[in-house]
Number of protein chains: 2
Amino acid sequence: MEQVKPNPANSSPQTPLSLLEKAATVFDDCPSIIYNDTTYTWSQTHRRCLQLACSLSSLGITRGDVVSIIAPNIPAMYEVHFAVPFTAAILNTINTRLDARTVSVLLQHCQSKLLFVDYFSRSLVLEAISLFPPDAEVRPLLVLITDDDQDDDAVDSDFGCTYESLVKNGDPGFKWVRPKSEWDPIVLNYTSGTTSAPKGVVHCHRGIYSIVVDTLIDWSVPKQPVYLWTLPMFHANGWCLPWGIAAAGGTNICLRLIVSCAWKPHWNLLPAAERARLKARQGVKVGASTEVDVVDPVSGVSVRRDGSSLGEIVLRGGSVMLGYLKDPIGTRKCLSQEGWFYTGDVGVMHPDGYLEIKDRSKDVIISGGENLSSVEVESVLYTNPAINEAAVVARPDEYWGETPCAFVSFKTGLTTKPSEKEIIEYCRAKLPHYMVPKTVVFQDELPKTSTGKIQKFVLREIANSMGKSARLSRL
Amino acid sequence: MEQVKPNPANSSPQTPLSLLEKAATVFDDCPSIIYNDTTYTWSQTHRRCLQLACSLSSLGITRGDVVSIIAPNIPAMYEVHFAVPFTAAILNTINTRLDARTVSVLLQHCQSKLLFVDYFSRSLVLEAISLFPPDAEVRPLLVLITDDDQDDDAVDSDFGCTYESLVKNGDPGFKWVRPKSEWDPIVLNYTSGTTSAPKGVVHCHRGIYSIVVDTLIDWSVPKQPVYLWTLPMFHANGWCLPWGIAAAGGTNICLRLIVSCAWKPHWNLLPAAERARLKARQGVKVGASTEVDVVDPVSGVSVRRDGSSLGEIVLRGGSVMLGYLKDPIGTRKCLSQEGWFYTGDVGVMHPDGYLEIKDRSKDVIISGGENLSSVEVESVLYTNPAINEAAVVARPDEYWGETPCAFVSFKTGLTTKPSEKEIIEYCRAKLPHYMVPKTVVFQDELPKTSTGKIQKFVLREIANSMGKSARLSRL
């Protein structure tokens with residue numbers, strides 16, 4: 001058959017931005033956002049986003065610039081998901097619970113041109129900016145977000161203007177700047193740094209669009225849902241639901257007070273052992289546009305689908321990130337030219353095609369040639385009624401190569417606390433010998449990221465600094 | 001910001017074919033198809049499609065070949081939507097109600113390599129093949145579909161083999177042939193020929209994938225719906241729902257007896273005037289990946305959004321066809337390089353962004369410099385209690401350029417039938433003068449396509465053959 005070629009009429013870039021135009025047409029006078037006493041409709045949200053985009057363009061924000069925001073789930077946070085990429089700039093949302101040093105590092109790394117600052121994060125941001133070196137090439141213009149629609153008179157010299165003044169002064173007839181290609185970047189998110197320094201994850205218009213449609217289909221999202229924002233929008237762009245709720249013409253209920261996302265709140269009511277089991281056995285499904293496999297990380301060959309052969313989890317498809325910002329080596333390491341994204345997660349594939357995440361690949365401990373999952377050891381430790389937190393990392397060993405080293409904190413109010421020997425014996429009764437921790441370190445509280453994840457790389461440094469465990473001490 | 005480039009891991013081609021693999025994994029033992037006494041599960045359907053694809057490949061079907069099917073909504077019709085493109089061939093579904101001459105023309109036009117024939121269409125197809133010229137370059141291999149799983153012994157020399165024998169003899173471990181690009185063609189559908197000879201509409205993998213996800217989202221399709229197939233799958237691939245039901249893990253209820261799709265059956269119960277109004281005022285919405293506008297067909301500039309300025313309806317986005325097969329001029333005519341698909345439909349844009357289809361552009365009559373919509377004249381004719389069918393086309397006129405010429409058929413059992421003069425007077429009471437038909441032609445039944453659409457191009461030929469209406473006759 002003769003070749004029929006794509007044409008501009010059928011190959012316009014996939015982008016989530018057009019979803020707001022659709023919402024403003026189809027759901028024009030339906031509520032888009034409810035926040036305290038404020039309610040917007042979809043045509044108002046559309047108008048406000050165009051006005052803000054117009055003002056950003058007037059300030060010189062242009063294609064490829066990074067614009068950051070540090071704010072909780074307030075209307076401004078929702079609006080920037082459209083308004084910033086409407087200027088062809090890249091949206092960078094920053095976790096409000098980071099420390100000033102990290103915020104400073106991120107802003108400098110992405111050379112952010114403009115930073116929207118919720119008034120609650122005001123002093124954090126001013127401290128972060130003060131940590132910039134005097135000769136810093138780019139310093140972001142600071143724009144203050146207040147809850148009471150203050151205009152520029154209300155801001156001091158640290159801030160260029162207020163968010164509301166930018167909205168008010170913009171032209172609602174602004175023609176938004178379309179991506180030149182669907183591969184153009186749209187958002188930049190930093191990893192939380194559990195395994196290393198935060199990395200800047202770049203997603204493109206097509207990728208975000210893929211995630212949005214996969215989510216709407218996978219969740220069977222109905223028309224005009226009411227969505228209570230508990231997941232922070234700064235976290236992976238609220239799983240892309242800012243765009244998804246527009247697609248469905250839903251109502252966003254915005255709140256400041258925020259529940260952490262990494263763990264479902266009701267799971268906290270479960271017994272510790274059940275929590276550990278849940279954590280270890282996340283069934284994983286992927287969207288319509290993404291494939292998944294578990295492969296040998298060296299050969300790239302699929303592991304047996306037997307529910308027990310460990311391998312690295314790999315993904316392929318539209319929802320996979322474009323790459324890491326300013327980190328071509330890190331990007332090449334996880335995005336193989338053979339067409340798979342190496343997640344760094346270790347899992348098994350069950351015979352029915354479901355996979356089970358076992359661990360981060362960096363958390364796998366190789367002891368005497370056996371691969372063992374630190375998560376499996378932790379799930380046993382969590383069954384001990386005295387233990388509050390547990391994390392297991394590799395400690396170098398002169399004979400076994402590595403051995404499991406457990407870090408634990410105890411519950412408060414205990415009358416007696418188990419000894420290292422008792423913990424080891426407890427594990428020995430429930431685990432194969434090679435999986436039992438050979439070292440137990442007690443801490444008041446384990447080190448965590450701002451989103452509450454245990455920083456294993458810190459524990460790994462401690463375990464390394466302890467030197468190789470000697471064979472005699474284990475006998 | 002530095003350029004982060006797409007990579008094979010995040011740019012794998014969008015295709016609806018992977019949806020069957022997902023269904024076979026997630027909904028493996030759930031029912032996929034129910035037909036008479038037969039029920040298949042999703043893993044069985046997956047397996048059968050791979051087996052059929054394997055057999056097709058063994059028969060030499062390869063990338064870019066056209067494979068046709070003429071069948072009602074039976075399981076085979078569903079399966080070929082995956083099995084044929086699994087070989088990288090292009091699926092061409094043929095309307096079972098076409099005449100042998102048209103079937104012959106279509107098969108020759110697309111150089112179909114293999115034709116699946118439902119036993120009910122057996123004699124039609126044999127007649128169509130007999131109309132091939134003796135020196136025809138390509139003659140399709142004929143494969144018979146029976147309801148009772150007959151094997152090859154049951155078929156005579158006209159057919160190479162049976163459908164079920166191809167399924168049975170194929171290897172379920174067949175590795176399906178992936179598209180080289182998401183722009184590779186996947187289906188070929190012929191238009192019904194209301195305005196000209198049927199045209200071969202080509203869609204690519206990405207385009208079909210876009211339509212599938214838009215439909216699932218727009219219809220808020222729940223998980224595992226039960227879908228009763230009343231719409232023929234040969235009609236625009238059943239609006240892409242063969243792939244959509246797989247994505248949702250639903251159950252396809254297949255039936256032979258079929259309701260026509262162009263008109264909702266319950267609308268037939270409405271009074272004729274209401275039917276005409278419904279026909280004239282279709283509100284139109286488009287999916288998440290498609291934009292719509294109404295433009296001046298010459299300048300390409302958007303018409304005023306006032307609900308009355310007529311223009312041509314244009315579309316842009318993922319669901320727009322790739323082009324017409326072997327018709328570069330027709331393709332260029334409707335797919336402008338400025339990036340819009342000119343639909344040939346005339347409409348108005350309302351202030352709220354909804355559009356209303358007024359007419360086919362070819363059906364617009366220009367009388368004395370005024371554009372008039374033939375559908376509006378028809379909707380008045382349909383209010384006449386004596387009229388059964390009405391169609392209005394342009395007749396050349398020496399003074400006005402064109403005048404409306406009405407073709408009507410009367411209801412049966414009338415005691416008196418209105419004259420031409422009475423029909424014209426009837427219209428004059430309800431329409432502006434320039435819109436009133438100047439000629440009325442009475443027919444027993446208006447000419448229609450196999451899907452029941454009135455063939456205006458036939459009426460236009462009759463109106464042209466009548467010569468220019470003379471001014472005197474109109475006075």
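**Figure 1. Pairing of A:Val201 with A:Tyr324 at one end of a sheet in chain A.** In this predicted model, A:Val201 has A:Tyr324 of E15(A) as its bridge partner. The two strands concerned, E9 (residues 200-204) and E15 of chain A, are joined by two bridges and run antiparallel. Helix H7 (residues 205-218) of chain A packs on the sheet, where it touches strand E8 (185-190) and E9 of chain A. The direction of H7(A) makes about 80° with that of E9(A).

**Figure 2. The eight-stranded open sheet of chain A.** The strand order is E7-E6-E5-E3-E4-E8-E9-E15, with mixed pairing. Strand E7 (161-162) and strand E15 (323-324) of chain A each have a single partner strand, so one side of each is left without a neighbour in the sheet.

**Figure 3. The four-stranded open sheet of chain B.** Its strands follow the order E2-E1-E11-E10, and the pairing is mixed. The edges are taken by strand E2 (38-41) and strand E10 (226-228) of chain B; each pairs with a single strand, so one of its sides has no neighbour in the sheet. From one strand to the next, the twist averages 15°. B:Val226 is placed opposite B:Thr251 of E11(B).

**Figure 4. Helices H2 and H3 of chain B across strands E1, E2 and E11.** Helix H2 (residues 42-58) of chain B lies across strand E1 (31-35), E2 and E11 of chain B. The angle between H2(B) and E2(B) is about 90°. Helix H3 (residues 75-83) of chain B also lies across E1, E2 and E11 of chain B, and H3(B) runs at about 145° to E1(B).

**Figure 5. The interface between chain B and chain A.** Contacts involve 66 residues of chain B and 65 residues of chain A. About 5,000 Å² of area is buried between the two chains, with 55% of this given by carbon and sulfur atoms. Between chain B and chain A there are 17 residue pairs in polar contact, both residues being at pLDDT 80 or more. On the chain B side, at least two residues each are supplied by helix H1 (18-26), helix H7 (205-218), strand E13 (290-295), strand E14 (311-317) and strand E15 (323-324) of chain B. H7(B) gives the largest share of that side, eight residues. By class, the side of chain B that touches chain A consists of 31 nonpolar, 20 polar and 15 charged residues.

**Figure 6. Salt bridges between the chains and within chain B.** Over all chains, the structure holds 32 salt bridges. Six salt bridges are counted between chain B and chain A. A:Asp218 and B:Lys223 form a salt bridge in which the closest N and O atoms are 3.8 Å apart. Within chain B, the side chains of B:Lys113 and B:Asp65 meet in a salt bridge with an N to O distance of 2.8 Å. This pair links distant parts of the chain, the residues being 48 apart. B:Lys113 is in the loop between helix H4 (100-110) and strand E5 (114-118) of chain B, while B:Asp65 is in the loop between H2 and strand E3 (66-70) of chain B.

**Figure 7. The hairpin of E18(B) and E19(B).** Strand E18 (residues 364-367) and strand E19 (residues 370-373) of chain B run antiparallel and are joined by four bridges. B:Ser367 stands opposite B:Glu370 of E19(B). Two residues lie between the strands of the hairpin, in which B:Gly368 has a positive phi near 60°.

Terms used:
Residues numbered from 1 in each chain as written. Chains lettered and ligands numbered in written order. Predicted model: local features only at pLDDT ≥ 70, side-chain atom pairs only at ≥ 80, totals over all residues. Heavy atoms only, no water. Pairing = 2+ DSSP bridges. Axes fitted to C-alpha atoms, helices over the stretch in contact; angles between N-to-C directions. Contact = heavy atoms within 4.5 Å. Buried area = accessible area lost by both parts, 1.4 Å probe. Salt bridge = Lys/Arg side-chain N within 4 Å of Asp/Glu carboxyl O. Polar contact = N/O pair within 3.5 Å; in protein donor to acceptor, adjacent residues only side chain to side chain. Nonpolar A, V, L, I, M, F, W, Y, C, P; charged D, E, K, R; others polar.
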